[in-house]
Amino acid sequence: MSNRTLFALVSPLALLAAHTALGQAPAAPAAPAQPDFSAVQIKVHQVAGNFYYLEGQGGNVGVLVGDDGVLMIDDQFAPLTEKLVAAVKTISKKQIKMLVNTHVHGDHTGGNENIGKMGVEIIAHDNVRARLVKGVNGAPPSPAVGLPVVTFGDGIGLHFDGEDLEVGKLPPAHTDGDSYIKLTKADVIHVGDVFRTTGYPIVDGPNGGTVKGTLAALQKILDLAGPNTKILPGHGVVVTRDQIASFRDAVAEAQNRVSALIKQGMTLPQVVAANPTADLVPKFATTGDPPNAMATERFLTLFYNALKTEL
Ligand SMILES: [Zn+2]
(Lines give C-alpha, C1' and ligand atoms only; values in the text may rest on other atoms or scores of the structure.)
Protein backbone atom coordinates (compact mmCIF):
# COMPACT_ATOMS: atom_id res chain seq x y z
CA MET A 1 0.00 0.00 0.00
CA SER A 2 2.67 2.52 0.91
CA ASN A 3 4.55 2.10 -2.36
CA ARG A 4 1.43 2.66 -4.38
CA THR A 5 0.52 5.56 -2.19
CA LEU A 6 3.92 7.11 -2.71
CA PHE A 7 3.57 6.71 -6.44
CA ALA A 8 0.36 8.61 -6.25
CA LEU A 9 1.77 11.44 -4.21
CA VAL A 10 4.18 12.85 -6.71
CA SER A 11 3.59 12.30 -10.34
CA PRO A 12 6.43 11.19 -12.58
CA LEU A 13 5.97 14.50 -14.35
CA ALA A 14 6.79 16.43 -11.23
CA LEU A 15 9.94 14.39 -10.81
CA LEU A 16 10.77 14.82 -14.46
CA ALA A 17 10.52 18.56 -13.99
CA ALA A 18 12.80 18.28 -10.97
CA HIS A 19 15.41 16.40 -12.96
CA THR A 20 15.14 18.68 -15.95
CA ALA A 21 15.56 21.73 -13.76
CA LEU A 22 18.96 20.39 -12.81
CA GLY A 23 19.92 20.13 -16.45
CA GLN A 24 20.16 16.37 -16.30
CA ALA A 25 18.81 13.99 -18.83
CA PRO A 26 15.33 13.26 -17.57
CA ALA A 27 15.25 9.94 -15.81
CA ALA A 28 13.07 7.49 -17.62
CA PRO A 29 9.93 7.91 -15.60
CA ALA A 30 9.28 4.70 -13.78
CA ALA A 31 5.75 4.22 -14.95
CA PRO A 32 3.70 3.71 -11.84
CA ALA A 33 1.62 0.62 -12.05
CA GLN A 34 -1.91 1.84 -12.66
CA PRO A 35 -3.67 0.91 -9.46
CA ASP A 36 -6.31 -1.74 -9.90
CA PHE A 37 -9.19 0.35 -8.61
CA SER A 38 -11.62 -2.54 -9.02
CA ALA A 39 -9.83 -4.34 -6.18
CA VAL A 40 -9.92 -1.36 -3.80
CA GLN A 41 -12.11 -1.74 -0.76
CA ILE A 42 -13.17 1.27 1.25
CA LYS A 43 -12.81 0.98 5.01
CA VAL A 44 -14.75 3.27 7.34
CA HIS A 45 -13.03 4.51 10.51
CA GLN A 46 -14.72 6.62 13.18
CA VAL A 47 -12.43 9.40 14.41
CA ALA A 48 -14.60 11.20 16.99
CA GLY A 49 -18.35 11.77 17.39
CA ASN A 50 -19.92 12.33 14.00
CA PHE A 51 -16.61 12.55 12.10
CA TYR A 52 -15.19 9.59 10.19
CA TYR A 53 -12.57 8.90 7.58
CA LEU A 54 -12.57 6.56 4.62
CA GLU A 55 -9.49 4.59 3.69
CA GLY A 56 -9.24 3.34 0.12
CA GLN A 57 -6.61 4.20 -2.47
CA GLY A 58 -5.25 7.72 -2.20
CA GLY A 59 -5.74 10.34 0.48
CA ASN A 60 -7.82 9.78 3.60
CA VAL A 61 -11.35 11.08 3.03
CA GLY A 62 -12.91 12.94 5.97
CA VAL A 63 -16.67 12.56 6.42
CA LEU A 64 -18.73 14.75 8.75
CA VAL A 65 -22.36 13.62 9.11
CA GLY A 66 -25.43 15.08 10.76
CA ASP A 67 -28.81 16.69 10.23
CA ASP A 68 -27.52 19.17 7.64
CA GLY A 69 -26.10 16.46 5.39
CA VAL A 70 -22.61 15.20 4.64
CA LEU A 71 -19.42 17.22 4.35
CA MET A 72 -16.50 15.42 2.70
CA ILE A 73 -12.82 16.28 2.83
CA ASP A 74 -10.99 15.08 -0.31
CA ASP A 75 -12.20 12.44 -2.76
CA GLN A 76 -9.32 10.15 -3.90
CA PHE A 77 -9.46 9.05 -7.58
CA ALA A 78 -12.36 9.34 -10.04
CA PRO A 79 -12.82 5.56 -10.49
CA LEU A 80 -13.46 5.29 -6.74
CA THR A 81 -16.28 7.85 -6.44
CA GLU A 82 -19.03 5.25 -6.57
CA LYS A 83 -17.39 3.16 -3.85
CA LEU A 84 -16.74 6.22 -1.68
CA VAL A 85 -20.34 7.40 -2.02
CA ALA A 86 -21.55 3.90 -1.12
CA ALA A 87 -19.31 3.95 1.97
CA VAL A 88 -20.67 7.37 2.96
CA LYS A 89 -24.21 5.92 2.70
CA THR A 90 -23.32 3.32 5.34
CA ILE A 91 -22.75 6.22 7.75
CA SER A 92 -25.49 8.64 6.69
CA LYS A 93 -28.51 8.56 4.42
CA LYS A 94 -28.31 12.32 3.95
CA GLN A 95 -27.03 14.04 0.82
CA ILE A 96 -23.41 15.06 0.36
CA LYS A 97 -23.57 18.85 0.43
CA MET A 98 -19.99 20.12 0.67
CA LEU A 99 -16.53 18.95 -0.31
CA VAL A 100 -13.30 20.54 0.94
CA ASN A 101 -10.01 19.80 -0.88
CA THR A 102 -6.92 19.81 1.37
CA HIS A 103 -4.66 20.39 -1.67
CA VAL A 104 -4.44 19.87 -5.40
CA HIS A 105 -2.96 16.40 -5.91
CA GLY A 106 -4.93 13.92 -7.96
CA ASP A 107 -5.20 11.35 -5.18
CA HIS A 108 -7.16 13.97 -3.20
CA THR A 109 -9.09 15.79 -5.96
CA GLY A 110 -9.52 13.04 -8.58
CA GLY A 111 -13.19 12.60 -7.75
CA ASN A 112 -14.03 16.33 -7.94
CA GLU A 113 -15.70 16.16 -11.33
CA ASN A 114 -17.94 13.26 -10.28
CA ILE A 115 -18.79 14.85 -6.95
CA GLY A 116 -19.35 18.25 -8.57
CA LYS A 117 -21.84 16.65 -10.96
CA MET A 118 -23.81 15.51 -7.91
CA GLY A 119 -24.41 19.19 -7.13
CA VAL A 120 -21.94 19.28 -4.25
CA GLU A 121 -20.33 22.62 -3.43
CA ILE A 122 -16.52 22.36 -3.62
CA ILE A 123 -14.40 24.54 -1.34
CA ALA A 124 -10.61 25.00 -1.51
CA HIS A 125 -7.75 27.46 -1.27
CA ASP A 126 -7.36 29.96 -4.14
CA ASN A 127 -4.17 28.21 -5.31
CA VAL A 128 -5.90 24.82 -5.57
CA ARG A 129 -8.47 26.23 -7.94
CA ALA A 130 -5.82 28.14 -9.91
CA ARG A 131 -3.80 24.95 -10.43
CA LEU A 132 -6.83 22.83 -11.31
CA VAL A 133 -7.87 25.44 -13.88
CA LYS A 134 -4.47 25.09 -15.59
CA GLY A 135 -4.18 21.33 -15.16
CA VAL A 136 -1.90 19.72 -12.59
CA ASN A 137 1.41 18.06 -13.53
CA GLY A 138 0.61 18.13 -17.23
CA ALA A 139 -2.93 16.79 -16.81
CA PRO A 140 -5.65 18.55 -18.79
CA PRO A 141 -7.47 21.46 -17.12
CA SER A 142 -10.25 20.39 -14.80
CA PRO A 143 -13.75 20.73 -16.22
CA ALA A 144 -15.65 23.60 -14.59
CA VAL A 145 -17.91 21.22 -12.67
CA GLY A 146 -14.88 19.79 -10.83
CA LEU A 147 -13.56 23.18 -9.71
CA PRO A 148 -13.97 24.74 -6.28
CA VAL A 149 -16.80 27.29 -6.35
CA VAL A 150 -15.88 28.77 -2.99
CA THR A 151 -12.23 29.72 -2.54
CA PHE A 152 -10.37 31.47 0.24
CA GLY A 153 -7.04 33.12 0.96
CA ASP A 154 -6.20 32.82 4.65
CA GLY A 155 -9.17 30.76 5.69
CA ILE A 156 -12.91 30.30 5.96
CA GLY A 157 -15.34 29.18 8.66
CA LEU A 158 -17.97 26.52 8.02
CA HIS A 159 -20.87 25.80 10.37
CA PHE A 160 -22.47 22.48 9.54
CA ASP A 161 -23.95 19.49 11.37
CA GLY A 162 -23.60 21.28 14.69
CA GLU A 163 -19.85 21.56 14.16
CA ASP A 164 -17.75 24.69 13.77
CA LEU A 165 -15.06 24.05 11.19
CA GLU A 166 -12.05 26.25 10.66
CA VAL A 167 -10.49 25.78 7.23
CA GLY A 168 -7.13 27.52 7.13
CA LYS A 169 -4.19 28.02 4.83
CA LEU A 170 -0.91 26.47 5.90
CA PRO A 171 2.48 27.83 4.83
CA PRO A 172 3.58 26.39 1.45
CA ALA A 173 4.74 22.95 2.58
CA HIS A 174 3.67 19.97 0.46
CA THR A 175 2.18 22.36 -2.15
CA ASP A 176 1.24 26.05 -2.17
CA GLY A 177 -2.42 25.29 -1.51
CA ASP A 178 -2.19 23.19 1.65
CA SER A 179 -5.06 23.68 4.07
CA TYR A 180 -6.04 22.21 7.40
CA ILE A 181 -9.61 21.60 8.52
CA LYS A 182 -10.12 21.89 12.25
CA LEU A 183 -13.33 20.57 13.82
CA THR A 184 -13.42 22.61 16.98
CA LYS A 185 -16.06 20.61 18.87
CA ALA A 186 -14.85 17.14 17.91
CA ASP A 187 -11.25 18.31 18.54
CA VAL A 188 -9.98 16.85 15.28
CA ILE A 189 -7.73 18.35 12.59
CA HIS A 190 -7.41 16.97 9.05
CA VAL A 191 -3.99 18.15 7.92
CA GLY A 192 -3.79 16.80 4.37
CA ASP A 193 -0.38 15.71 3.09
CA VAL A 194 1.71 18.11 5.16
CA PHE A 195 1.96 15.15 7.49
CA ARG A 196 1.63 11.42 6.94
CA THR A 197 2.45 8.30 8.90
CA THR A 198 3.29 6.23 5.82
CA GLY A 199 6.55 7.69 4.59
CA TYR A 200 8.80 10.64 3.91
CA PRO A 201 7.56 14.22 3.85
CA ILE A 202 6.96 15.11 0.20
CA VAL A 203 7.97 18.64 -0.77
CA ASP A 204 6.43 19.09 -4.21
CA GLY A 205 8.46 22.07 -5.38
CA PRO A 206 6.93 22.21 -8.86
CA ASN A 207 3.55 22.67 -7.16
CA GLY A 208 4.86 25.30 -4.75
CA GLY A 209 5.97 23.16 -1.80
CA THR A 210 8.97 24.19 0.32
CA VAL A 211 11.02 22.69 3.15
CA LYS A 212 10.90 25.90 5.16
CA GLY A 213 7.11 25.96 4.73
CA THR A 214 6.89 22.31 5.79
CA LEU A 215 8.54 23.14 9.09
CA ALA A 216 6.33 26.21 9.55
CA ALA A 217 3.19 24.24 8.66
CA LEU A 218 4.04 21.48 11.13
CA GLN A 219 4.62 24.14 13.79
CA LYS A 220 1.24 25.67 12.94
CA ILE A 221 -0.41 22.26 13.42
CA LEU A 222 1.36 21.92 16.79
CA ASP A 223 0.04 25.36 17.74
CA LEU A 224 -3.51 24.42 16.73
CA ALA A 225 -3.56 21.08 18.54
CA GLY A 226 -4.12 20.40 22.20
CA PRO A 227 -2.76 17.35 24.02
CA ASN A 228 -5.82 15.24 23.11
CA THR A 229 -6.50 16.57 19.62
CA LYS A 230 -6.87 13.82 17.04
CA ILE A 231 -4.85 14.61 13.92
CA LEU A 232 -5.88 12.91 10.69
CA PRO A 233 -3.08 12.83 8.11
CA GLY A 234 -3.45 12.75 4.33
CA HIS A 235 -2.15 9.19 4.40
CA GLY A 236 -1.97 6.84 7.35
CA VAL A 237 -3.58 6.75 10.75
CA VAL A 238 -4.84 9.22 13.35
CA VAL A 239 -2.14 10.53 15.71
CA THR A 240 -1.71 13.10 18.47
CA ARG A 241 0.50 16.18 18.48
CA ASP A 242 3.44 14.27 20.00
CA GLN A 243 3.90 12.42 16.74
CA ILE A 244 3.70 15.65 14.75
CA ALA A 245 6.49 17.03 16.94
CA SER A 246 8.64 13.97 16.29
CA PHE A 247 8.02 14.23 12.55
CA ARG A 248 8.79 17.97 12.60
CA ASP A 249 12.09 17.31 14.40
CA ALA A 250 13.01 14.68 11.79
CA VAL A 251 12.23 17.12 8.95
CA ALA A 252 14.42 19.75 10.62
CA GLU A 253 17.24 17.23 10.98
CA ALA A 254 16.88 16.22 7.32
CA GLN A 255 16.97 19.89 6.36
CA ASN A 256 20.22 20.41 8.29
CA ARG A 257 21.90 17.35 6.86
CA VAL A 258 20.94 17.84 3.22
CA SER A 259 21.72 21.58 3.42
CA ALA A 260 25.20 20.78 4.75
CA LEU A 261 25.84 18.41 1.85
CA ILE A 262 24.64 21.01 -0.67
CA LYS A 263 27.00 23.57 0.89
CA GLN A 264 29.83 21.05 0.49
CA GLY A 265 29.04 21.06 -3.23
CA MET A 266 27.52 17.61 -3.44
CA THR A 267 25.45 16.87 -6.51
CA LEU A 268 22.04 15.26 -6.31
CA PRO A 269 23.32 11.79 -7.30
CA GLN A 270 25.97 12.07 -4.59
CA VAL A 271 23.39 13.01 -1.98
CA VAL A 272 21.13 10.15 -3.09
CA ALA A 273 24.08 7.75 -2.85
CA ALA A 274 24.98 9.07 0.62
CA ASN A 275 21.36 8.54 1.77
CA PRO A 276 21.91 10.95 4.67
CA THR A 277 18.46 10.47 6.23
CA ALA A 278 18.34 6.67 6.41
CA ASP A 279 18.23 6.62 10.21
CA LEU A 280 15.26 9.05 10.23
CA VAL A 281 12.98 6.65 8.33
CA PRO A 282 11.40 5.21 11.50
CA LYS A 283 10.29 8.74 12.45
CA PHE A 284 8.78 9.38 9.01
CA ALA A 285 7.09 6.04 8.35
CA THR A 286 5.45 4.76 11.49
CA THR A 287 2.82 2.67 9.70
CA GLY A 288 2.82 0.56 6.56
CA ASP A 289 5.84 -0.79 4.72
CA PRO A 290 9.13 1.09 5.05
CA PRO A 291 9.89 3.24 1.99
CA ASN A 292 11.83 1.43 -0.75
CA ALA A 293 14.91 2.72 -2.60
CA MET A 294 12.79 4.42 -5.26
CA ALA A 295 10.80 6.29 -2.62
CA THR A 296 14.04 7.35 -0.94
CA GLU A 297 15.44 8.66 -4.23
CA ARG A 298 12.20 10.52 -4.91
CA PHE A 299 12.20 12.09 -1.45
CA LEU A 300 15.85 13.16 -1.62
CA THR A 301 15.43 14.54 -5.14
CA LEU A 302 12.48 16.73 -4.19
CA PHE A 303 14.05 17.75 -0.88
CA TYR A 304 17.44 18.58 -2.48
CA ASN A 305 15.88 20.59 -5.29
CA ALA A 306 13.66 22.52 -2.89
CA LEU A 307 16.56 23.28 -0.53
CA LYS A 308 18.76 24.42 -3.43
CA THR A 309 16.29 27.22 -4.09
CA GLU A 310 15.80 28.00 -0.40
CA LEU A 311 19.43 28.23 0.76
ZN1 LIG B 1 -0.40 15.26 -1.92
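Mentor: Helices (H or I, at least four residues) and strands (E, at least two) are DSSP runs, numbered from the N terminus. This is a predicted model: local features need pLDDT of at least 70, side-chain atom pairs count only at pLDDT 80 or more, and totals for chains, interfaces and linings use all residues. Residues are numbered from 1 along each chain as its sequence is written.

Trainee: How many bridges join E1 to E2?

Mentor: Five, and E1 and E2 (residues 51-55) run antiparallel. They form a hairpin with two residues between them, and glycine 49 in that turn has a positive phi of about 55 degrees. Lysine 43 stands opposite glutamate 55 in E2.

Trainee: In what order do the seven strands come?

Mentor: Strands of a sheet pair through backbone hydrogen bonds, either parallel or antiparallel. Here the open sheet has the order E1-E2-E3-E4-E5-E6-E7, with mixed pairing. E1 (43-48) and E7 stand at the edges with a single partner strand each, so one side of each lacks a neighbour in the sheet.

Trainee: Which residues of helix H6 are buried?

Mentor: Buried means 20 or more other C-beta atoms within 10 Å of a residue's own (12 or fewer is exposed, in between is partly exposed; C-beta atoms are placed from the backbone). In H6 (residues 126-134), Asn127, Val128, Arg129, Arg131 and Leu132 are buried. Just after H6, glycine 135 takes a positive phi of about 100 degrees.

How values were computed
Two strands pair if DSSP finds at least two bridges between them.
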